[in-house]
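User: Please take one part of this model and go through it closely, setting out what lies around it. Give the cut-offs of each term as it comes up.

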Amino acid sequence: MIDSQDVVEDVDLLVVGGGKAGKTLAMDLARAGRRVVMVERGMIGGTCINVACIPTKSLVTSSRLARRAAAAQSLGLSLGKLEVDLRMLRSHKEGVVADMVDLNHRQFLDSGMDLVLGTAHFVAERTVEIDLNDGGRRVVRGADVVINTGTVPHLPSVPGLADVSPLNSETIMRLERIPERLAVIGGGYVGLEFAHMFAAFGSRVTVLDRNPRLLPREDADIAEVLAACLGEDGVEIITGVTVKEVARDEDAVRLVLEDGRVLVADDVLAASGRDPVTRDLRLDAAGVRTDERGFVRVDDTLATDAPHTWAVGDVAGSLQFTHVSLDDYRIVKANIAGGTRSTTGRLIPWNLFTDPELARVGLTEEQARTAGRDIRVAKLPVKSVPRARTMRETRGLWKAVVDRNTEEILGVALLGPDSSEVLTVVQTAMWAGMPFTRLRDGIIAHPTMAEGLNALFTSWVD
Ligand SMILES: Cc1cc2nc3c(=O)[nH]c(=O)nc-3n(C[C@H](O)[C@H](O)[C@H](O)COP(=O)(O)OP(=O)(O)OC[C@H]3O[C@@H](n4cnc5c(N)ncnc54)[C@H](O)[C@@H]3O)c2cc1C
Ligand SMILES: NC(=O)c1ccc[n+]([C@@H]2O[C@H](COP(=O)([O-])OP(=O)(O)OC[C@H]3O[C@@H](n4cnc5c(N)ncnc54)[C@H](O)[C@@H]3O)[C@@H](O)[C@H]2O)c1
């Protein structure tokens with residue numbers, strides 16, 4: 001409820017939560033001369049740059065280098081004994097983050113937006129009350145409101161887990177020691193990236209996932225090769241398991257599995273998905289509804305159930321990637337201006353930053369067959385790409401799925417070094433609607449990883 005004493009400030013755009021989509025929209029409209037308030041409770045720049053993509057990928061750079069350094073002799077170098085200095089690792093990561101936060105902050109201020117540091121909750125349609133971080137409160141109403149409050153790590157309801165102070169994707173990056181034994185509950189994106197990273201830093205890592213196999217949304221052949229790479233690097237993977245209970249036993253944590261096995265670890269990382277930040281937003285007051293998991297309900301234009309109220313990024317149930325949140329910004333920007341831009345049919349790529357990395361876009365073989373498509377499938381072991389041999393990074397498998405009749409590329413899974421960069425080449429071809437033959441027959445510079453695309457599209461297995 002708005003208090004009768006409250007002064008309600010009216011603005012053109014009110015952004016609640018400064019995630020990727022919201023901050024980009026706020027800056028754009030402020031630069032265009034609109035009155036914009038963006039409320040952020042603490043992380044200037046949002047989750048990605050503070051506690052997710054940017055710090056993890058900074059650490060992935062270090063862990064890859066550690067792995068390369070361990071193999072230095074095969075490259076003709078003698079580097080001596082590798083030592084991981086956690087203090088320096090953290091300072092590398094924190095330096096990258098601090099620079100990006102600082103850049104974001106300056107851009108926010110330069111744009112002319114009113115950046116309000118505080119926690120917002122709704123008190124009426126299009127209206128929030130903000131508890132300011134430095135005391136006091138403001139009430140702001142937007143002609144348009146964009147909800148961009150993101151997600152936070154989920155704590156799985158395993159008996160005893162909460163009592164052993166499990167790590168999550170944020171706290172593991174603040175650790176002051178490398179755990180000798182690390183158990184990871186959840187073998188998804190967060191779990192696998194941290195598992196592979198900590199294995200390179202010297203931890204004995206075990207990943208536990210309840211799915212019968214790793215990455216069930218990927219084709220089994222790709223997931224198997226990735227699992228084998230992780231295994232070679234010392235990551236133990238146990239799938240199809242349920243953790244029955246967890247307890248601290250003197251200095252160690254004991255994880256009792258449903259089948260009776262017991263795993264002992266120094267630390268446990270809970271990496272079993274993320275919860276939407278909607279619980280304390282009092283969305284009812286705004287007329288905004290959520291689904292059964294608490295994500296804001298939106299239609300394909302990202303409109304919520306309330307007029308002139310939009311939701312973007314993770315909290316809107318979008319695929320949880322920063323580039324998807326950025327695209328949500330494009331959609332809402334167009335729709336606030338009266339357009340009807342839709343989320344339907346977006347071609348969304350993603351990368352899992354293990355080592356080698358898995359880059360994906362479009363349909364898997366299994367999805368294409370389930371959809372009844374008449375397809376051809378190509379597979380190329382990464383070791384047949386000359387560039388991979390020069391780098392001595394020959395692990396991995398590339399796979400492509402094309403329409404047998406139209407020759408359209410339906411999807412690729414590229415597991416190998418630098419795959420995330422090569423992926424965009426394929427995606428560009430898909431955007432342009434090119435037949436696969438253009439990548440098969442085009443001149444691609446030698447020796448590059450992208451050159452492997454010439455060979456991939458001749459390597460039919462079906
Ligand atoms: C460990 C990890 C690694 C990841 N790596 C990648 C990657 O490599 N590539 C990739 O594309 N994606 C990655 N992701 C996913 C990516 O981080 C998210 O999809 C992305 O950050 C979502 O952004 P968003 O726009 O939804 O909002 P967020 O960036 O989550 O922003 C929401 C903001 O709202 C603020 N907020 C919340 N409630 C309130 C309130 N009541 N009042 C005021 N402010 C509020 C929060 O403080 C936060 O700053 C990773 C995620 C994790 C956990
Ligand atoms: N490189 C990237 O782009 C990147 C990196 C990290 C995270 N992300 C994003 O963040 C999202 C969240 O990542 P995440 O890994 O937390 O979630 P996720 O949904 O990707 O994976 C969670 C995994 O945990 C398993 N699980 C859940 N409960 C369990 C339990 N009780 N016991 C055992 N296993 C259990 C699930 O089977 C699943 O495999 C990702 O889906 C992704 O969109 C992206």
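Analyst: Helices (H or I, at least four residues) and strands (E, at least two) are DSSP runs, numbered from the N terminus. The model is predicted, so local features need pLDDT of at least 70 and side-chain atom pairs count only at pLDDT 80 or more, while totals for chains, interfaces and linings use all residues. Residues are numbered from 1 along each chain as its sequence is written, and chains are lettered from A and ligands numbered from 1 in the order in which they are written.

The part to look at is helix H5, residues 189-200. With 4 residues, H5 gives the most to the shell around ligand 2. A residue counts as near a molecule or strand if its C-beta atom, placed from the backbone, lies within 6 Å of it. The shell around ligand 2 has 25 residues, and the closest are Gly 186, Gly 188, Val 190, Ser 272 and Gln 320. Besides H5, strand E8 (204-209) and strand E16 (350-352) each supply at least two residues of this shell. By class, the shell holds 12 nonpolar, 9 polar and 4 charged residues. Here Ala, Val, Leu, Ile, Met, Phe, Trp, Tyr, Cys and Pro are nonpolar, Asp, Glu, Lys and Arg are charged, and the others, Gly among them, are polar.

H5 lies across strand E7 (181-185), E8, E9 and E13, and runs at about 165° to E8. Axes are lines fitted to C-alpha atoms, for helices over the stretch in contact, and angles run from 0 to 180 degrees between N-to-C directions. Contact requires that the C-beta atoms of two residues, placed from the backbone, lie within 7 Å. The four strands form an open sheet in the order E9-E8-E7-E13, with parallel pairing. At the edges are strand E9 (235-239) and strand E13 (267-270), each of which pairs on one side only. Averaged over this sheet, neighbouring strands are turned by 20° against each other, direction ignored. Two strands pair if DSSP finds at least two bridges between them. E8 and E9 run parallel and are joined by 5 bridges. Asp 209 has Thr 239 in E9 as its bridge partner.

H5 also has a helix for a neighbour. The buried residues of H3 pack against H5, as well as against helix H2 (47-51) and helix H4 (86-111). In H3 these buried residues are Ile 54, Pro 55, Thr 56, Leu 59, Ser 63 and Arg 64. Buried means that 20 or more other C-beta atoms lie within 10 Å of the residue's own; exposed means 12 or fewer, and partly exposed is in between, with C-beta atoms placed from the backbone. An α-helix has 3.6 residues a turn, so residues three or four places apart point the same way. The expected span of a helix is 1.5 Å times one less than its number of residues. H3 (residues 53-70) has 18 residues, so its span should be 26 Å; this agrees with the 25 Å between its end C-alpha atoms.

H3 leads on to the other ligand. Ligand 1 has 35 residues around it, and Gly 17, Gly 19, Gly 46, Gly 150 and Gly 313 come nearest. H3 is among the elements that give two or more residues to this shell, along with H2 and helix H1 (20-31). The shell around ligand 1 has 13 nonpolar, 17 polar and 5 charged residues.
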